[in-house]
Amino acid sequence: MRKTASISSILACLSLAASATLARAEVVGVDIASHTDFGNGEAFGDAGAYELVTGRIRFAIDPANLRNRVIVDLDKAPRNAAGQVEFAADLAILKPKDAAKGNGTLLLDVVNRGNKTVLSGFNHAALDEVGDGFLMRRGFTIVWVGWEVDAPAR
């Protein structure tokens with residue numbers, strides 16, 4: 001049950017992040033593909049072991065909303081039964097296995113062309129490596145979403 005509450009909290013944060021952009025989107029679902037131990041199950045200080053949750057996050061936008069007119073050809077996209085346009089993005093969540101050991105802070109990395117930058121920047125890590133564990137030892141939850149919110153208008 002705790003995992004569900006933790007994932008729900010993360011989704012609520014992502015919904016807020018989506019609404020802060022020029023376009024307006026809402027999270028309509030998440031498809032979890034896997035839960036795996038991170039860093040070979042190593043414990044990171046008081047935060048303990050971490051797990052990596054991967055999947056897809058599904059969004060829907062209203063093509064009639066004025067804020068969404070910045071999206072090129074949105075009016076030509078197929079619509080669901082509610083008249084909204086749905087799309088999906090890759091999702092990865094790195095979190096303490098025991099949510100009570102986390103610090104309650106989510107660090108969102110909006111991935112640019114598949115490059116996850118948070119661990120390399122904060123943990124001095126190479127791609128998909130633990131590095132020095134700086135963020136994990138402090139109990140952060142890290143979320144990567146493959147959604148380009150700042151694509152240039154050209």
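This is a predicted model: local features need pLDDT of at least 70, side-chain atom pairs count only at pLDDT 80 or more; totals for chains, interfaces and linings use all residues.
**Entry 1: a ring to begin with**

Is Phe44 buried or exposed? I looked it up: Phe44 is buried, at a relative accessible area of 2%. For my notes, buried means under 20% relative accessible area, exposed means over 50%, and partly exposed is in between (1.4 Å probe, protein chains only).

Residues are numbered from 1 along each chain as its sequence is written, and side-chain values use heavy atoms, with hydrogens and water left out.

**Entry 2: the sheet**

I went to the strands next. Helices (H or I, at least four residues) and strands (E, at least two) are DSSP runs, numbered from the N terminus. Two strands count as paired if DSSP finds at least two bridges between them.

In what order do the strands sit in the sheet? I read β1-β2-β3-β5-β4, five strands in an open sheet with mixed pairing. At the edges are β1 (26-37) and β4 (106-110), each of which pairs on one side only. From one strand to the next the twist averages 20°; the axes behind such angles are lines fitted to C-alpha atoms (for helices, over the stretch in contact), and angles run from 0 to 180 degrees between N-to-C directions.

I then followed β3 (residues 85-96) across to its partners. With β2 (residues 50-61) it pairs in the antiparallel sense over 12 bridges.

**Entry 3: salt bridges**

How many salt bridges does the structure hold? I get six, where a salt bridge is a side-chain nitrogen of Lys or Arg within 4 Å of a carboxyl oxygen of Asp or Glu.

I checked Asp37 and Lys97, whose side chains meet at 2.4 Å, N to O. Asp37 is in strand β1 and Lys97 in the loop between β3 and β4, so this pair ties together parts 60 residues apart in sequence. Asp37 is partly exposed at 47% relative accessibility, and Lys97 is partly exposed at 40%.

Glu51 and Lys95 form another salt bridge, at 2.8 Å, N to O. I find Glu51 in strand β2 and Lys95 in strand β3, 44 residues apart, so to speak two distant parts of the chain linked by the pair. Both Glu51 and Lys95 are buried.

Asp90 and Arg56 also meet in a salt bridge, at 2.8 Å, N to O. Why does this pair tie together parts of the chain? Asp90 lies in strand β3 and Arg56 in strand β2, so the parts it joins are 34 residues apart in sequence. Asp90 is partly exposed at 47%, and Arg56 is partly exposed at 36%. I also noted a network: Asp73, Asp75 and Lys76 are joined by salt bridges that share partners.

**Entry 4: rings**

Back to the aromatics. A pair of aromatic rings is described by the distance of the centres and the angle of the planes. The rule I used: rings of Phe, Tyr and Trp (its six-membered ring) pair if their centres lie within 6.5 Å, with planes under 30 degrees apart called stacked, over 60 edge-to-face, and the rest tilted. That gives two aromatic pairs.

In one, Phe44 and Tyr50 have ring centres 5.7 Å apart and planes at 90°, so I log the pair as edge-to-face. Tyr50 is buried, with a relative accessible area of 0%. In the other, Phe59 and Phe87 have centres 5.1 Å apart and planes at 15°, so that pair is stacked. Phe59 sits in strand β2 and Phe87 in strand β3, 28 residues apart. Phe59 is buried at 2%, whereas Phe87 is partly exposed at 26%.

I found a charge over a ring as well: the charged end of Lys116 sits over the ring of Trp144, 4.9 Å from its centre. The test is NZ of Lys or CZ of Arg within 6 Å of the ring centre and within 35 degrees of the ring normal.

**Entry 5: Gly139**

Gly139 is in the loop between α3 (134-137) and β5, and is buried at 1% relative accessibility. Which residues does Gly139 touch, leaving out those up to four places away in sequence? I list Ala47, Tyr50, Pro96, Lys101, Gly102 and Asn103, with contact meaning heavy atoms within 4.5 Å. Gly139 and Ala100 are 39 residues apart in sequence and 9.5 Å apart in space, C-alpha to C-alpha.
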